[in-house]
Amino acid sequence: MRAILSFLVLSLFLCSCSNDDDASDQQRIDYNLYTNAALNIPAEDADFFLVTIAETGDQLVFEYVLDIPSDPDIADSGFRESILFEIDASTTTFEVSDEDLLTINPYYRQSCFCETVESVLIQSGTISGTRSDQNSWQIDIDVEIDLGGTLPLEKQVSGVFRQN
């Protein structure tokens with residue numbers, strides 16, 4: 001009898017909890033493709049190293065963005081991360097790994113209340129893609145990012161990147 005009563009009380013407690021305000025339920029993931037674009041890569045000695053997308057260029061630029069909005073009840077909450085890279089516009093399929101990654105200028109950035117908020121060059125892993133049609137690509141990203149800590153950040157992303 002005591003076990004049944006404990007089970008009912010626990011069940012009632014769990015049912016009364018709500019996740020409506022859970023910021024993770026509101027996360028957004030975007031897979032963007034920019035044509036006739038290029039990456040704007042600052043000089044290595046820049047005061048703040050932030051890679052951006054130039055609106056003019058002759059490359060295809062891919063941008064993955066994960067955005068978790070701030071929770072008004074938690075100080076310094078919210079998180080945004082992005083991966084950017086570029087390829088030659090005439091390419092229809094590619095796969096680059098490790099030292100060859102440098103040929104596509106892959107950069108990772110996180111925006112949060114965290115130690116590293118500048119763009120970081122991705123130097124390990126594999127990025128591959130296949131053009132699905134004129135306006136979309138299937139892209140697979142499996143990389144390790146050195147943010148200066150003891151262990152690298154491992155990121156796996158797979159999605160259809162579409163032209164905006």
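This is a predicted model: local features need pLDDT of at least 70, side-chain atom pairs count only at pLDDT 80 or more; totals for chains, interfaces and linings use all residues.
Trainee: What makes up the fold, and in which pattern?

Mentor: There are 1 helix and 9 strands. Along the sequence they follow the pattern α-β-β-β-β-β-β-β-β-β.

Trainee: How many of the residues are buried, as a percentage?

Mentor: The protein has 164 residues, and 31% of them are buried. To be called buried, a residue needs a relative accessible area under 20%.

Trainee: What share of the contacts joins residues at least 24 apart?

Mentor: Take the contacts between residues at least 6 apart in sequence. Of these, 53% join residues at least 24 apart.

Trainee: Now the rings. How many aromatic pairs are there?

Mentor: The count is 8 aromatic pairs. One of them is formed by Phe49 and Tyr107.

Trainee: Why is the pair of Phe49 and Tyr107 called tilted?

Mentor: Start with the distance. The ring centres are 5.8 Å apart, and the limit for a pair is 6.5 Å. Then take the angle. The planes are 45° apart. Stacked needs under 30 degrees and edge-to-face needs over 60, so an angle between those limits counts as tilted.

Trainee: Are Phe49 and Tyr107 buried or exposed?

Mentor: Phe49 has 14% relative accessibility, so Phe49 counts as buried. Tyr107 has a relative accessible area of 9%, so Tyr107 is buried too.

Trainee: What makes the pair of Phe62 and Trp137 edge-to-face?

Mentor: The angle does. The planes stand at 80°, and edge-to-face needs over 60. The centres are 5.5 Å apart. That is within the 6.5 Å limit for a pair.

Trainee: Why does this pair tie together parts of the chain?

Mentor: Phe62 lies in strand 2 and Trp137 in strand 8 (residues 136–145), so the pair joins parts 75 residues apart in sequence. Phe62 is buried, at 0% relative accessible area. Trp137 is buried as well, also at 0%.

Trainee: Which residues do ring pairs link into a cluster?

Mentor: They are Tyr31, Phe62, Tyr64, Phe85, Phe94, Trp137 and Phe161.

Trainee: Why is Thr130 called partly exposed?

Mentor: Thr130 has 42% relative accessibility. Thr130 is in strand 7 (residues 124–133).

Trainee: What does Thr130 contact, beyond neighbours within four places in sequence?

Mentor: Thr130 contacts Thr92, Thr93, Trp137 and Gln138. The C-alpha atoms of Thr130 and Phe94 are 6.7 Å apart. Those two residues are 36 apart along the chain.

Trainee: Is Ser128 buried or exposed?

Mentor: Ser128 counts as buried, because its relative accessibility is 17%. Ser128 is also found in strand 7. Not counting residues up to four places away, Ser128 touches Phe94, Glu95, Gln138, Ile139 and Asp140.

Trainee: Why is Gln156 called exposed?

Mentor: Gln156 has 51% relative accessibility, and exposed means over 50%, so Gln156 passes the cut-off. Gln156 is in strand 9 (residues 153–163).

Trainee: How do you know that the side chains of Gln156 and Asp142 make a polar contact?

Mentor: The distance is 3.2 Å, and the limit is 3.5 Å. Leaving aside neighbours within four places, Gln156 is in contact with Ile141 and Asp142.

Trainee: What lines the largest pocket?

Mentor: The lining has 10 residues. Val120, Leu121, Gln123, Asp146 and Leu147 lie nearest the centre. Strand 6 (120–121) and strand 8 each supply at least two lining residues. The volume of the largest pocket is about 190 Å³.

Conventions
Residues are numbered from 1 along each chain as its sequence is written. Side-chain values use heavy atoms; hydrogens and water are left out. Helices (H or I, at least four residues) and strands (E, at least two) are DSSP runs, numbered from the N terminus. Buried means under 20% relative accessible area, exposed over 50%, partly exposed in between (1.4 Å probe, protein chains only). Contact means heavy atoms within 4.5 Å. Rings of Phe, Tyr and Trp (its six-membered ring) pair if their centres lie within 6.5 Å; planes under 30 degrees apart count as stacked, over 60 as edge-to-face and the rest as tilted. A polar contact is a pair of N or O atoms within 3.5 Å; within protein, one must be able to donate a hydrogen and the other to accept it, and residues adjacent in sequence count only if both atoms are side-chain atoms. On a 1 Å grid over the protein atoms alone, a cavity is a set of points where a 1.4 Å probe fits but cannot get out, and a pocket is an open set with protein on both sides within 12 Å along at least five of seven lines; lining residues have an atom within 4 Å of a point. Grid points are joined across faces, edges and corners, and a volume is the space filled by probe spheres set on the points.
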